[in-house]
Amino acid sequence: AQDLFELTVPSTKAVVLRRVRITQNTEFGDAQAEQLRFTIIRGVGNTGGSGGSTHTPSKHATGDAAAAVTVEINNTTRATVGGGSLTTLFEEDESVFPGWDYRPVPEEMYEFAPSENIIVGLEAAPADSITMSGYLIFEEVG
C-alpha cells in the first residue's frame, strides 16, 4: 500500500483533477489475477507522506507556465490526518490486468482548493510483486 501520487495545491490556485491512469506490465496469467483498490483523497491540513520522491510535472503545451503544484510519487509512508483531515472522495477496485483509468466527465471532476492535498492511493499491497507505472493529469486554475 502506498500513496502513488501526492500533490500539494499552491496557496494561490485551485487544481482540477482530470485523469489518473495506472498500468502494469508484469502480470498476465490467470494465476496472477487480483483486484487492486485505488482511492482519491482530499487532504486538508494533513501530514504528507514520505519515502517516495519528488517529481516535476511535464507541461501539457510548450507555452504553458511551469506547474506551481508540488508533486510527490510513490510515498511508502502514507499521508496521515495529523492536525487536519483526510476525506476519501472516490474508491474503486480494478483488475490488475487492464489497470485503472480514472477519466471523469467534466461535471464529475474533483476540484481542490488552495493548500489542499490530492492523494491517489493504492490501498493494499498486491499479492505479489508488480511493476506499475502511471500518470496524473491536472489543471491549475485561478
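## Basis of the description

Contact, as the word is used here, means heavy atoms within 4.5 Å. The structure is a predicted model, in which local features need pLDDT of at least 70 and side-chain atom pairs count only at pLDDT 80 or more, while totals for chains, interfaces and linings use all residues. Residues are numbered from 1 along each chain as its sequence is written, and side-chain values use heavy atoms, with hydrogens and water left out.

## Overall fold

The protein chain has zero helices and 10 strands, where helices (H or I, at least four residues) and strands (E, at least two) are DSSP runs numbered from the N terminus. Along the sequence the pattern is accordingly β-β-β-β-β-β-β-β-β-β. With a radius of gyration of 15 Å, close to the 14 Å that the globule rule gives for 142 residues, the protein chain is as compact as a globular protein of that length; the radius is taken over C-alpha atoms, and the rule is 2.2 Å times the number of residues to the power 0.38. Taken along the principal axes, the C-alpha atoms fill a box of roughly 50 × 40 × 30 Å.

Of the contacts in the protein chain between residues at least 6 apart in sequence, 88% join residues at least 24 apart. Buried residues account for 36% of the 142 residues, with buried meaning under 20% relative accessible area, exposed over 50%, and partly exposed in between (1.4 Å probe, protein chains only). The protein chain exposes about 7,600 Å², of which carbon and sulfur atoms supply 49%; these areas come from the Shrake-Rupley method with a 1.4 Å probe.

## Strand E2: Arg19 and Gln24

Arg19 lies in strand E2 and is buried, its relative accessible area being 16%. Its side chain makes a polar contact with the side chain of Tyr135 at 3.2 Å; a polar contact is a pair of N or O atoms within 3.5 Å, of which, within protein, one must be able to donate a hydrogen and the other to accept it, and residues adjacent in sequence count only if both atoms are side-chain atoms. Neighbours within four places in sequence aside, Arg19 is in contact with Asp101, Tyr102 and Arg103, and also with Tyr135, Leu136 and Ile137.

Gln24 is likewise found in strand E2, which covers residues 14–24, and at 10% relative accessibility Gln24 counts as buried. A polar atom of the Gln24 side chain lies 2.8 Å from the backbone nitrogen of Thr26, and the side chain of Gln24 also reaches the backbone oxygen of Val96 at 3.3 Å. Not counting residues up to four places away in sequence, Gln24 touches Val96 and Phe97 as well as Ile130, Thr131 and Met132.

## Glycines in loops

Gly99 is found in the loop between strand E6 (85–95) and strand E7 (100–102), where, at 11% relative accessibility, Gly99 counts as buried. Leaving aside its neighbours within four places in sequence, Gly99 is in contact with Arg21, Ile22, Thr23 and Glu94. The C-alpha atoms of Gly99 and Leu86, which are 13 residues apart along the chain, are separated by 25 Å.

Gly84, placed in the loop between E5 and E6, is partly exposed at 27% relative accessibility. Beyond residues up to four places away in sequence, Gly84 touches Val44, Gly45 and Asn46. Gly84 and Tyr135 are 51 residues apart in sequence, and their C-alpha atoms are 27 Å apart in space.

Ser53 belongs to strand E4 (residues 53–55) and is partly exposed, with a relative accessible area of 36%. Apart from neighbours within four places in sequence, Ser53 is in contact with Val71, Glu72, Ile73 and Asn75.

Asn74, in strand E5 (residues 70–75), has a positive phi of about 55 degrees although it is not a glycine, and at 38% relative accessibility Asn74 is partly exposed. Ser115, also not a glycine, has a positive phi of about 70 degrees; Ser115 lies in the loop between strand E8 (111–112) and strand E9 (117–122) and counts as partly exposed at 44% relative accessibility.
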